[in-house]
Amino acid sequence: MDHGTIDEEDDDFVNGNYTTRKFSPMEVETEQDSLVRETADLSSFGRTPLHFRRRMAAARNNALANTDQEGDGLFLGFVRHGVGSSFSLRNFILLSVLSATVLLLINVLDSRLEQAVMEDVLLKGPPHQGTFGGSRNPGQFQQDGNGDVNDDELPKSNINHAVHSLTAENINNHNGEYWHDSVLSPFASPLYANMDNSSRANEQKHFQAQMEALTAQYGQWEPPNFEGLVVPKYHHYDYRDIPNADLLANAWQKNEKYVQSFLQQAQALVERVKLGIFAEYGYSDDNIAESKLESYHKRRDATFGVIVDHFRVINEVAVDEKTEERLSGIAYLNKNAWQGLIRKLLHAIITQDDFYVVGVGPASTYRGNNFFQSQVMQFHRIMEPVFRKLGVRLISRNMGMDASTTVSALGGADVYGEADIFWYISDTTARPHRESRGQMDLLHKQAILAGERMPIILTPEPVVLMTDTDGKAWVGNIQPGVNICGETRISDGNIRLPQNPTCRYVNCVGEALEKNVCDHYESVCWINRKGFGPDYVQEPNVGFQQDYMGVQTHQLEGRKLAMLVLRGLESALERWESETDRGLFPLDDKQWHVQDVYESLRESVRTLERKPGKNAKVPACEEFLYAINPMMCHMALHAFSEWTPRINPEYTSIRSRITSSVGDNHELLQELYGGVDVLPLQWKTAEEQVDVHMIAIAANATSFSSESDKDIIIGGDQQEYDDDAWIAMINYSHTMLQFDTTL
């Protein structure tokens, strides 16, 4: 049998000679490893990725054909020594019948297993219970870890090019259970070393009073009645695109009464979080005359709106396409991206999927502040409880670094992981080492090619991505600027701050801008806690507190992204409701299935072909990688690296590729202590500020399914904790009350 042919230039690689191989700055692995060595000549533009894949398949087959007879694989042994020689037709037929029988048995067993799984799903909790904490709160109650999953139990995608981005830490989510508890204050945790029981009790009493006031003003989450309904199994379908026809009759998506109740609650949730952000930045209806409310709301909605039509981008700013005047709004997206965001959100809610937000960029993404104060984490703190109530697990990652983002782009999704929103955060210091157009082009194309999902790409420099994808790319950005806030200025030698505390140290002008007054930080290096004390004296503040944005500016950028997603949720839920009201129920799966649009967009980058010529314009990415291999711009790259940050650091490290015979154990160092990190007390929202986070987490206490939760929480019977027990908790010697429901 013919196994294909291979070019002479690849002989060295088939025979194991890698001495002439070219490497990128990181150890790069592509879908076919030897593609990295393809000619770096720009004449390769005429070759399509399919051509390279075929060549590599031929190379692989030739390599197998050249192996020793005794080392042949099962398939080659069957071909070489079977049909081609003494293997009889009778045996071939018998083997075929046996194979068909085995496949039939597998199908029957799979069907029975699926039925058993579907019956078991009745035992699972409702998807929209929406609460964190209770007896699961590791900041309040001792845990035994019996309900935790480990890495061996993580769900796997059935899409071959999906990147394993979900971790056990994401699922167990101890921090979320601690931070987002709707009835137990995170600042009343027994983990604080310098807080006595009396102080904790006072903090908890204040928290409860504040929550009662906010729920009276804004409302709270009321879980729909899930009795008699089931959650479908989506993992049997590519991209979780389960057809409506395959939904069981008692699936929640097919129960119109449940869906209407859910939509009502979901829309109210989105609206109250929006109103909270409006009020946080001074846009409250209080003291506004009724006759002026309409114009006031119009101005407010424009300030916090999403720009989709009739704009162009100049110096990263969306302006009117005719007048070139700056447009009001918190973000701008092309029409494809806006519709893509709505589709992605509907898909995530209907299939109870994960939703990944990945922030990348230079040191502006984190320096001078604590990690949880950065833009992406500010977004996450508000939006995780919102997504949880909608049945979606939000995973947000700050992957910023003080170096070229392109280094990590060469590792594709192995470094950054899956992304539904891929946010490149600009360097606010305007330092001279900003990344080139070629680097940005590589970053964007890897975001599209790598992994299972198709991201909304928020970027200040899209290069010509729309052209290179035949107009299909989902592109936009957060509208830069801080003009939502009043001015911080220096007058008569004194700093004059806006009346609204949320806006202080955000919008510096004049002398205040020149003196970097807005580089204002509230970072903390260490909080004394029970169970562990560092051996060395810790610095009082995080380093690099100069030239980088302060915490209030980080918060504003995070709120812009939150508002963008809230606007997307608002439109998605309105579309679902409108279709339901028209009698189109359940929602047509053409409205929320993602496979076709994902694969079409990915293929537009994979098969981009530019014929060289006198007037040909070389894409920026290819020009950037001219000396290595421009075809790397059209294939998903993979890597092992020591560069951080990256997902799954143990698996993707170079050390993980070293055999034990080479040296000592190459596992990562273990953490000095475990458990959640207690929040700095100075991070509590000031009395005069609107606490948007409390609005987002507010839920009816009946959301807690465990009777022990209700006794402890509704009855207000908090336990007494002894120090020894909490020290044991820090080391994960847990004794937790188990929560009845798996959400």
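**Close-up views of a predicted model**

**View 1. A charge over a ring.** The charged end of Arg 388 is placed over the ring of Phe 132, at 4.0 Å from the centre of that ring. As in every view here, the structure shown is a predicted model.

**View 2. An edge-to-face pair of tyrosines.** Aromatic pairs in this model number 19. In the pair formed by Tyr 239 and Tyr 598, the ring centres are 5.9 Å apart and the planes meet at 80°, so the pair is edge-to-face; the cut-off for this class is over 60 degrees. Tyr 239 belongs to the loop between helix 7 (197-218) and helix 8 (256-280), while Tyr 598 is part of helix 18 (residues 595-606). Are the two tyrosines buried or exposed? Both Tyr 239 and Tyr 598 are buried.

**View 3. A stacked pair of phenylalanines.** Phe 355 and Phe 387 also form an aromatic pair, and this one is stacked, with 5.3 Å from centre to centre and 20° between the planes. Phe 355 is in strand 6 (residues 354-360) and Phe 387 is in helix 11 (residues 375-389). The two residues are 32 residues apart, and their pair links distant parts of the chain. Phe 355 has a relative accessibility of 1%, so it counts as buried. Phe 387 counts as buried because its relative accessibility is 1%; the limit for buried is under 20%.

**View 4. An aromatic cluster.** One cluster of aromatic residues is made up of Phe 226, Trp 252, Tyr 258, Phe 262 and Trp 576.

**View 5. Helix 8 packed against helix 11.** The axes of helix 8 and helix 11 are 10 Å apart, and the packing angle is about 170°. Helix 8 and helix 11 are therefore roughly antiparallel to each other, a class that starts over 145 degrees. Which residues make the contact? Helix 8 contributes Phe 262, Leu 269 and Val 273, and helix 11 contributes Ile 382, Val 386 and Lys 389. Sorted by class, the contact of helix 8 with helix 11 contains five nonpolar residues, one charged residue and no polar residues.

**View 6. The surroundings of Leu 625.** Leu 625 sits in the loop between helix 19 (620-624) and strand 14 (638-640). Its relative accessibility is 2%, so Leu 625 counts as buried. Leaving aside residues up to four places away in sequence, Leu 625 touches Leu 442, Pro 630, Met 632 and Cys 633. Leu 442 is 183 residues apart from Leu 625 along the chain, yet their C-alpha atoms are separated by 8.9 Å.

**View 7. Two cis peptide bonds.** Phe 585 and Pro 586 are joined by a cis peptide bond, with omega about -5°. Pro 586 is in the loop between helix 17 (551-581) and helix 18. Thr 644 and Pro 645 are also joined by a cis peptide bond, with omega about 0°. Pro 645 is in the loop between strand 14 and helix 20 (649-652).

View 8. Asp 470 is not a glycine, but its phi is positive, near 55°. The loop between helix 15 (465-468) and strand 10 (475-478) holds Asp 470. This residue, Asp 470, counts as exposed because its relative accessibility is 63%. Tyr 505, which is not a glycine either, has a positive phi of about 60°. Tyr 505 is located in the loop between strand 12 (494-496) and strand 13 (507-508).

Note on methods. Residues are numbered from 1 along each chain as its sequence is written. This is a predicted model: local features need pLDDT of at least 70, side-chain atom pairs count only at pLDDT 80 or more; totals for chains, interfaces and linings use all residues. Side-chain values use heavy atoms; hydrogens and water are left out. Rings of Phe, Tyr and Trp (its six-membered ring) pair if their centres lie within 6.5 Å; planes under 30 degrees apart count as stacked, over 60 as edge-to-face and the rest as tilted. Helices (H or I, at least four residues) and strands (E, at least two) are DSSP runs, numbered from the N terminus. Buried means under 20% relative accessible area, exposed over 50%, partly exposed in between (1.4 Å probe, protein chains only). A charge sits over a ring if NZ of Lys or CZ of Arg is within 6 Å of the ring centre and within 35 degrees of the ring normal. Axes are lines fitted to C-alpha atoms, for helices over the stretch in contact, and angles run from 0 to 180 degrees between N-to-C directions. Angles under 35 degrees count as roughly parallel, over 145 as roughly antiparallel, 65 to 115 as roughly perpendicular and the rest as oblique. Contact means heavy atoms within 4.5 Å. Ala, Val, Leu, Ile, Met, Phe, Trp, Tyr, Cys and Pro count as nonpolar, Asp, Glu, Lys and Arg as charged, and the others, Gly among them, as polar.
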